[in-house]
Amino acid sequence: MVRLTRRHGFFRWLLSAALLWMAAPLAALETVDGVRTLRSADVQQTDYPTVQAVHFMSQSLHRQSGGKLAIQVYSSALLGDEAALLQLTQSGELDLNRVSVQALEDLFPLIRVLSLPFLFRDVDHVNRVLDGPIGAELLAAMNRKGLVALAFFEAGGRSISTVSQPVGRLEDLRGLRIRVQPSALAFAVFEAWGARPIKLPFSQTGNALATRLIDASENNLLAYASAEHHRHAPRLTLTHHTFSPEVLVMSRRSWDALSGAEQAMLRRAAREARPMMRDMWQQREERVEALLRLAGVSFVELPPAERARFEAALRPLHERFVGSPEQRRLIARIRALR
């Protein structure tokens, strides 16, 4: 099994390297047949809302530029996992990348606040925060370390899916091997809940569930369905423990190679894509939940008292992960927003 996994990883790396080599001139924003093409990558499938949002941006750029600007989108982790794609974007080998905020925590500690469990009351609260001055300030705070942040994207609430016994109370997590994102905060959260968190790239999660390397995973509803994790982990507990959003980032090197007018077009395209992506997300969530129920997925709701126990178990983590004065001020502003 290990040999097969390594061989699969090698072929994926080889394909990614070949694609990057063949498309290298595009990373430098050279004009080919009168069109300057940006390359964008995503670990999600082609029909995923964040992927479709970047396709929408490409159409907007095409209209604004009179056909002189476009975006080529590589989905389904074709060019690598999230960590690798972020490194390629920072180095300028990749122009655009949709990335979870949890992947940016080490680069921008202030952004870790957005992944704090039970910070947001619901999706509407998230959108009010990200659409207003707080969202604008956080995007600006990520305009360094080789990156330019263009827009926040919807990511829904993250919940827990299990292979066998559903999670109905805090004790059900004890000893459970659960895949988490490569994030120190995510790891600590499930450790505090008594689970055995395992950091794995998203693209490896389905196989890990199928082979029982892990007992559970946590993600939003659309990622859970799109990657078909429900086939191996058909019990879904709607904890909605985080509503951490995603971010569309651009390589600073690629950004600086654009003219001021082209930069304005790109920012406009990103602004236009956000409401489109949000509507698509919300409509798809309703449809996907209905389809999952028909497919036999069991949905578990946590009673308010049990949810309070989950939250209380995490309070000691606040000082460790979001204890700086700047982070505390941000948390207070987010909680005060109505």
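I looked up Ser91 and found it partly exposed, with a relative accessible area of 24%; buried means under 20%, exposed over 50%, and partly exposed lies in between (1.4 Å probe, protein chains only). Ser91 sits in helix H4, residues 82-91; helices (H or I, at least four residues) and strands (E, at least two) are DSSP runs, numbered from the N terminus.

I note that the model is predicted: local features need pLDDT of at least 70, side-chain atom pairs count only at pLDDT 80 or more, and totals for chains, interfaces and linings use all residues. Residues are numbered from 1 along each chain as its sequence is written, and side-chain values use heavy atoms, with hydrogens and water left out.

I checked Ser91 against Gly146: they are 55 residues apart in sequence, yet their C-alpha atoms are 7.0 Å apart in space.

Next I searched the whole structure for aromatic pairs and got four. Rings of Phe, Tyr and Trp (its six-membered ring) pair if their centres lie within 6.5 Å; planes under 30 degrees apart are stacked, over 60 edge-to-face, the rest tilted.

I recorded Phe190 with Trp193: the centres are 5.1 Å apart and the planes stand at 85°, so this pair is edge-to-face. Phe190 is buried at 2% relative accessibility, and Trp193 is buried at 3%.

Trp193 also pairs edge-to-face with Phe310, at 5.1 Å centre to centre and 65° between the planes. This pair links distant parts of the chain, 117 residues apart: Trp193 is in the loop between helix H7 (184-192) and strand E8 (196-199), Phe310 in helix H12 (residues 304-312). Phe310 is buried, with a relative accessible area of 0%.
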